[in-house]
Amino acid sequence: GSLVIAKGNGNDRPFRGDMGNVLYARMFLGADLRSEVADGDASLRLILPAGYTCVAVAPAPLELPVLAGQQPQGRGSLPSSRGRSDHGGTWNLLGNACEYRLKAMEFIPARSQLFYQVTVDQ
């Protein structure tokens, strides 16, 4: 995975002490991710640099400039960390780690490309 680094694609508050900075992250899965028996049997984690705190995670917006003109966009998404979702797992925001825990029987296939909007404090 990587952070999306392109003008107009977030990171408008990049300095230490800034709150509510929005970053966009892209992740490619190299293997199937499956939670077969219980919630949280499988998870994926985005680790931010030291000094960052993960505040919220949401699907990247459809109008994200880096995705402009791509058909299809190839941007899978997971539920938001704010609010409850009956359609997927849950996010645990632990310091500089944003961890998505799959719901029982949830499956994300290999080669999926996921885009996130990550709100951070630094």
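Which two cysteine residues form a disulfide, and how far apart are their sulfur atoms? The pair consists of cysteine 54 and cysteine 98, whose sulfur atoms lie 2.0 Å apart. A disulfide is taken here as a pair of cysteine sulfur atoms within 2.5 Å, and by this rule the count comes to one. The structure is a predicted model, in which local features need pLDDT of at least 70 and side-chain atom pairs count only at pLDDT 80 or more, whereas totals for chains, interfaces and linings use all residues. Residues are numbered from 1 along each chain as its sequence is written, and side-chain values use heavy atoms, with hydrogens and water left out.

The protein chain contains zero helices and nine strands, helices (H or I, at least four residues) and strands (E, at least two) being DSSP runs numbered from the N terminus. The order of elements from the N terminus is accordingly β-β-β-β-β-β-β-β-β. Of the 122 residues of the chain, 37% count as buried; buried denotes under 20% relative accessible area, exposed over 50%, and partly exposed the range in between (1.4 Å probe, protein chains only). The chain exposes about 7200 Å², of which carbon and sulfur atoms supply 52%. These accessible areas come from the Shrake-Rupley method with a 1.4 Å probe, and for residues only the protein chains shown count as cover. Among contacts (heavy atoms within 4.5 Å) with a separation of 6 or more, residues 24 or more positions apart account for 70%.

The torsion about the S-S bond of cysteine 54 and cysteine 98 is about 120 degrees, so the disulfide is right-handed. Cysteine 54 belongs to strand 5 (residues 53-59) and cysteine 98 to strand 7 (residues 97-101); the pair therefore ties together parts that are 44 residues apart in sequence. Both partners are buried: cysteine 54 has a relative accessibility of 5%, and cysteine 98 has a relative accessible area of 0%.

In soluble globular proteins, nonpolar side chains tend to be buried together. Beyond its neighbours within four places in sequence, leucine 44 is in contact with Met27, Leu29, Leu33, Leu78, Cys98, Glu99, Tyr100, Leu114 and Tyr116.

The structure holds two aromatic pairs. Rings of Phe, Tyr and Trp (its six-membered ring) pair if their centres lie within 6.5 Å, with planes under 30 degrees apart counted as stacked, over 60 as edge-to-face and the rest as tilted. Tryptophan 91 and tyrosine 116 form an edge-to-face pair, 5.5 Å centre to centre with 80 degrees between the planes. Tryptophan 91 lies in strand 6 (residues 90-94) and tyrosine 116 in strand 9 (residues 113-121), so this pair ties together parts that are 25 residues apart in sequence. Tryptophan 91 is buried at 10% relative accessibility, as is tyrosine 116, with a relative accessible area of 2%. Trp91, Tyr100 and Tyr116 form one aromatic cluster.

Several loop residues were also examined. Serine 35, in the loop between strand 3 (33-34) and strand 4 (43-47), is buried at 0% relative accessibility. Its side chain reaches the backbone oxygen of alanine 38 at 2.7 Å. Not counting residues up to four places away in sequence, serine 35 touches Gly40, Asp41, Ala42, Leu102, Lys103, Ala104, Met105 and Glu106. Methionine 105 lies in the loop between strand 7 and strand 8 (107-108) and has a positive phi of about 75 degrees although it is not a glycine; this residue is exposed, with a relative accessible area of 65%.

The loop between strand 8 and strand 9 holds arginine 111 and serine 112. Arginine 111, a residue other than glycine, has a positive phi near 70 degrees and is exposed, with a relative accessible area of 77%. Serine 112, by contrast, is buried at 15%, and its side chain reaches the backbone oxygen of proline 109 at 2.6 Å. Serine 112 touches Met27, Phe28 and Leu29, not counting residues up to four places away in sequence.

Note on methods
Polar contact = N/O pair within 3.5 Å; in protein donor to acceptor, adjacent residues only side chain to side chain.
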